[in-house]
Amino acid sequence: MLPPSSGKSTSEKIIQAALTMFADSGYEGTSMSEIAKAVGIKTPSIYAHFKSKEQLFLQLTEEGKEEEREAFLHCLKKSEAMSAKERIEQAFDFFTDFNQLTAGQSFLKRSMLVPPRHLRDQLRISFIAYESELNVLLERLFIQGIQEGLFPEQEVGRMTAQFYNAIDGLLVEYQIYEESLFLERKQIIGESLMRMWTLTA
């Protein structure tokens, strides 16, 4: 059962428990009865707040995207006065500092990597729409880099795709390797991205 949390509504407690359990065990490995038990309510009571496990999962996905989006916007706001190189490095760290993920972000990453089979198509559409929003923000950083002379003129959409390829690969490596090796590879990949963009003719 979750520790007492004063001030939290039952819905908030359900969300807190579901985030942790979905992130740890996935959709198929988590039941509504287990979530209800963790919250300290009877299973039928959970359906007064969420009509199904599917609805709960999809709501958490939307909330996870919004949480990450707002955190990234805050990161960009704080770095407005920095050079393009510093801002791109901060963005890279933001998306690859997996030790600092909130429960919502951990859930979101797992959902992207291993979506429930019957929700895969629906989630794919949702994640592509979310990625399109992030694209706009990332492309602004790359345009800033080109304008500052950090990079030669090139297709920023291509740079964005390469950025995603790097952070997605690191997410997988984070699950496999011990921290020291992961951090070493993260540094190598970050430096390789900057070198590739700088040398692109």
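## Aromatic clustering

Phe 72, Phe 92, Phe 94, Phe 95, Phe 142, Phe 151, Phe 163, Tyr 164 and Trp 197 come together as one aromatic cluster in what is a predicted model. The count of aromatic pairs comes to 17. In one of them, the ring centres of Phe 98 and Tyr 174 lie 5.1 Å apart with their planes at 45°, so the pair is tilted. This pair links distant parts of the chain, since Phe 98 belongs to the loop between α5 (84-96) and α6, while Tyr 174 belongs to helix α8, 76 residues apart.

Phe 98 is buried because its relative accessibility is 7%, whereas Tyr 174, with a relative accessible area of 28%, is partly exposed. Phe 98 also forms a tilted aromatic pair with Phe 182, at 5.8 Å centre to centre and 50° between the planes. Phe 182 lies in helix α9 (residues 179-199) and Phe 98 in the loop between α5 and α6, so the pair ties together parts that are 84 residues apart in sequence. Phe 182 counts as buried, at 4% relative accessibility.

## Charges over rings

The charged end of Lys 53 is placed over the ring of Tyr 27, 4.2 Å from its centre, and Arg 185 lies over the face of Tyr 177, at 4.4 Å from the ring centre.

## The largest pocket

The largest pocket, with a volume of about 430 Å³, is lined by 19 residues, of which Met 112, Phe 127, Glu 131, Tyr 164 and Asp 168 lie nearest its centre. Tyr 164 is also a member of the aromatic cluster.

Helices α6 (103-113), α7 (120-147) and α8 (156-176) each supply at least two lining residues, with the largest share, eight residues, coming from α7. By class, the lining has 13 nonpolar and six charged residues, and no polar ones.

How values were computed. Residues numbered from 1 in each chain as written. Predicted model: local features only at pLDDT ≥ 70, side-chain atom pairs only at ≥ 80, totals over all residues. Heavy atoms only, no water. 1 Å grid on protein atoms, 1.4 Å probe; cavity = no way out; pocket = protein on both sides within 12 Å on 5 of 7 lines; lining within 4 Å. Points joined across faces, edges and corners; volume = space filled by probe spheres on them. Helix = DSSP H or I, 4+ residues; strand = E, 2+ residues; numbered from the N terminus. Nonpolar A, V, L, I, M, F, W, Y, C, P; charged D, E, K, R; others polar. Phe/Tyr/Trp six-rings, centres within 6.5 Å; stacked < 30°, edge-to-face > 60°. Buried < 20%, exposed > 50% of the residue type's maximum accessible area, 1.4 Å probe, protein only. Lys NZ or Arg CZ within 6 Å of the ring centre and 35° of its normal.
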